[in-house]
Amino acid sequence: MKELIVVGVVFIVIGFISEYFLKRKYNIDRKGNPLSKPIKKLQIILLTICFILYLVISSALVFTNDDFNVLFVLIPFFILISFIRGFLQWKYNGNANVWILETYSAIILIIFFIVIGLILY
């Protein structure tokens with residue numbers, strides 16, 4: 001368990017530091033959601049569908065397996081959300097470069113997911 005806490009703290013620190021440098025390098029302002037209203041609605045619909053799927057899948061896995069670790073469903077959920085948000089930002093608002101941060105956070109979460117899998121198994 002100590003290893004997971006240490007890895008989590010290391011990834012949080014790496015995430016904050018690298019996001020700071022990415023914001024400075026690409027001049028990214030993350031305040032607000034600069035997407036238009038129809039695209040915001042599409043984003044909300046997609047994220048709601050992902051959340052419902054997450055609830056169904058995680059509930060099914062938790063009830064069928066007593067020793068199931070919820071991190072194995074939670075982290076892919078966050079990865080999927082980051083990729084959806086990054087794709088929509090890239091497709092409909094590529095000039096703001098916010099998609100770089102979203103995609104970067106998804107990549108960091110993928111690496112974190114792999115490291116957790118290696119530690120636990």
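This dialogue goes through a few features of a predicted model.

Visitor: What should I know before reading the model?

Guide: The model is predicted, so local features need pLDDT of at least 70 and side-chain atom pairs count only at pLDDT 80 or more, while totals for chains, interfaces and linings use all residues. Residues are numbered from 1 along each chain as its sequence is written, and side-chain values use heavy atoms, with hydrogens and water left out.

Visitor: At what angle do H2 and H3 pack?

Guide: Helices are DSSP runs of H or I with at least four residues, numbered from the N terminus. Axes are lines fitted to C-alpha atoms over the stretch in contact, and angles run from 0 to 180 degrees between N-to-C directions. Here the angle between H2 and H3 is about 165°, and their axes are 10 Å apart. Angles over 145 degrees count as roughly antiparallel, and H2 and H3 are therefore roughly antiparallel.

Visitor: Which residues of H2 and H3 make the contact?

Guide: Contact means heavy atoms within 4.5 Å. Among them are Leu-46 and Phe-51 of H2, and Phe-77 and Leu-88 of H3.

Visitor: Is Asp-67 buried or exposed?

Guide: Buried means under 20% relative accessible area, exposed over 50%, and partly exposed in between (1.4 Å probe, protein chains only). Asp-67 has a relative accessible area of 71%, so Asp-67 is exposed. Asp-67 lies in the loop between H2 (37-64) and H3.

Visitor: Which residues of H4 are buried?

Guide: They include Ile-100, Phe-112 and Gly-117. The buried residues of H4 pack against H1 (2-26) and H3 (71-92).

Terms used
Helix = DSSP H or I, 4+ residues; strand = E, 2+ residues; numbered from the N terminus. Parallel < 35°, antiparallel > 145°, perpendicular 65-115°, else oblique.
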